[in-house]
Amino acid sequence: MIGGRRPLRGRKLADRRVRVERPHSPYFRYTGPGQLVAKAAASGPTTPSGRLLARIRGHLFGRPLAMEEEVGERLPKKKALAIFSSDAISSSAYATEEILRVLVLASAGAILVSIEIAVAIALLLAVVAVSYRQICRAYPNGGGAYAVAKENIGGIASLVAAAALLIDYVMTVAVSTASAIAQTYSVIPSLYEIRIEIAVIAIALITIANLRGLRESGNIFAVPTYLFVGLALLMVGLGSVRIATGGAVDIAQPDAVPLGTEGIGLFLLLKAFASGSVALTGTEAIANGVPAFKPPESRNAANTLVAMAVLLAILFIGITVVADGFGILPTTEGGQTVVALVASAVFGASSPLFYAFQASTALILFLAANTSFNAFPRLAALLAEDGYMPRQFSFRGDRLAFSWGIVLLAAIAAALLAAFDGNTTALIPLYAVGVFVTFTLSQSGMIRHWARERGPGWAWRATINAIGGILTLVVLIVVATVKFVDGAYLVVILIPTLVAVMLFIQRQYARSARELAIRPDYVAGPPIREERVIVPVPGINRAVIQAVNVARSIADDVRAVYIFDQPDRVESVRADWERQVPGVSLVVIESPYRALAGPLIAYLDVLDHAWPTDRPEPITFVVIPEYVAKSWWERILYNQSARRLRTLLLGRPHTVVVNVPYRREDPEAFEQARPGAAAGRDTSG
Amino acid sequence: MSESHTPVFRRAVVALAGEPGDERIVRLVSELARPIHGELAAVHVVEVGWSLPLDADIAGRSEEVQRILDNAESVAEESKVRLESVLLQARDVGAALVDEATERQADLLVLGLPYRKRFGGDFAIGRTIPYVLKNAPCAVWVVREPIPEDQP
């Protein structure tokens, strides 16, 4: 990188100085001997269309960020509770409804059981929360189900956990968005008709925000959670008082789902329990994000987890009790949600508090969807680093976000929403299976963790996780069984399929790594193979001459190959060649079937076969002259044969393809490179 | 100018000697330039002996010389200040700095005064600083390197 030197005068004659240009400066920075760091300009576009695209990208996603600009912020407990709990707490907005939608199939008396089911789910939540507290303490660097299973169980179990988590994150986006939209059309019923469009736009906006490198640590993200929690607690409190004082009356619901005639058997109860267990989704988020807490990280995370579980349990049971007290039933498709009916009954259908509650519910649900946009790409990046997903998933985009993961998550979630018509209840059966698979594997991993560590109190710690593991396994079996025909079968098929795909990818990468590996004691020696160069030519022109010059700089054995289908031109081409390109032999091949690539490749094969068998095969360079087109439409006109030839030669053994582009800006350089051109200039000067 | 006033300048030329103290000087001037949107030029002069032509290919080839200016750019960037880096070859460092400051119509020229531990320790004032102080067309700051604690 040697720059030009510009002389400058000084105040005195002897004070001349020379300014040395620094051509690397706009693009690179030296940081050590032979070590450069690229600046943003080095990755910048060079063409006008590229610059336009970069400007549009800049407006949409923001300017590219350097690695050092990554913000690592520690969260206090209050902020962390709001940010990590939105997924779990928001599930209280639809969990009660899912229980009621099952129980409504039986008689009115069955609806009363909803409270017992909610309490049972809350107890399960308590067990899961206590188990996850242990993970917070054991894995201060973040104990996602994949990390725990990988370290303690390993092999397929960790991949099952990863597959279940990936499905869980996709479902969180789909279910939360669907529910958020449902809260919206509970207030503005006319929006029901365009719910899919709204959902897709909402996902697109969240995607763009995340591609811009959205940070969840901002105060703005704590507002919806605390607003929802505050209003929901007020609603539950006021509702409970009215029930206790006898002020609660059954509300009129013309669009309520008609009560069924099924008997309240064990299957129905289990199905209601399985539906309501979606309340537990998102419980693991805090254990995954322990490093984001302020020190002491583990203790703060464990305490925050307890606070979250308590809040979720109060809200879930409270909403169920109030819904029961006011005789609220789920509505038919397109009607108000159960939580909206509860709010309407307690606050009044047109009160500002009702609208505020509905807005906060929609907001916390969108926030819950957003949490997956953080978790899914990170897990995909981890899997990519371990070789189980394509490497692109571990690459960070311009804004330091894992763009591939974000876009994939958005695409699948939007497709799911469209496929399930934006119906929360239809999506729920797909949700719970993945969640309980991750719970069970995390707890199982923790049992092995304690057994291996054998630290103080390991036995009772292992017992807690064992109870959690057994309980979540039982629930998993129940959920998978009773919800199987409703859609859980899709997840039961999808998890092993994903595991198989991940194993396939890992084996592919492992094989290519084996093939590319060199022994540590290997030292590259000088080249011992012979080289020859073939230049396919369409005649004589500047691009061909330039390619031949490049060919001559590679090896002495250079042959130009002219393939023709018009014999009348051959003699003149040969005569011109011998006159204008002396010293380079021209091989002419007649192609009566008018093919170009086929005869050339056949000629290369013949050359290979003719090579003496006692000598190592030579490397054949195929130097292809190309005319550089300036605009997109010119690209259609030129180099089609060259492109086809290059594709066909790709992967041919012992063959290297070299493209020699001829640019329109090159004529001057071409003339200067002409032998005798310099002499000509000298004489004229 | 009283000591409590923030010095005001529009254009400053910062002389880089390739010493460890360069970073401190660039940081100091950058912090002062940021609120007033001052323009900064960091100049490193490679002295060329009379036995070689002045435009001999010396500085451009040296990664070490480039690194001196790249580091300065990096420090200024951290302070969110734009800094133009200038690499010069000259017979005399002082004259080149003065000429560069004159050409750029700089109103401040900043130089570092390094501390040498050899021979009992002293400030190496050399001949550049006196020349600049005498001939610069603008204000000159000489930023003294702190005396190491282990020195008497």
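Me: At what angle do the axes of helix H14 (residues 352–385) and helix H15 (residues 403–419) of chain A cross?

Reply: Two packed helices are described by the angle between their axes and the distance between the axes. In this predicted model, the axes of H14(A) and H15(A) cross at roughly 120° and come within 8 Å. H14(A) is therefore oblique to H15(A). Axes are lines fitted to C-alpha atoms, for helices over the stretch in contact, with angles from 0 to 180 degrees between N-to-C directions; under 35 degrees counts as roughly parallel, over 145 as roughly antiparallel, 65 to 115 as roughly perpendicular, and the rest as oblique. Helices (H or I, at least four residues) and strands (E, at least two) are DSSP runs, numbered from the N terminus.

Me: Which residues of H14(A) and H15(A) make the contact?

Reply: Residues are in contact if their C-beta atoms, placed from the backbone, lie within 7 Å. H14(A) contributes A:Ser372, A:Phe373, A:Phe376, A:Pro377, A:Ala380 and A:Ala381, and H15(A) contributes A:Gly405, A:Ile406 and A:Leu409.

Me: How many residues of chain B are in contact with chain A?

Reply: 25 residues of chain B are in contact with 19 of chain A. H2(B) (63–78) gives the most to that side of chain B, with seven residues.

Me: How do strand S2 (residues 17–20) of chain A and S3(B) run?

Reply: They run antiparallel, joined by four bridges; strands pair if DSSP finds at least two bridges between them. A:Val18 stands opposite B:Gln89 in S3(B).

Me: How are residues and chains labelled?

Reply: Residues are numbered from 1 along each chain as its sequence is written, and chains are lettered from A and ligands numbered from 1 in the order written. Local features need pLDDT of at least 70 and side-chain atom pairs count only at pLDDT 80 or more, while totals for chains, interfaces and linings use all residues.

Notes:
Two residues are in contact if their C-beta atoms, placed from the backbone, lie within 7 Å.
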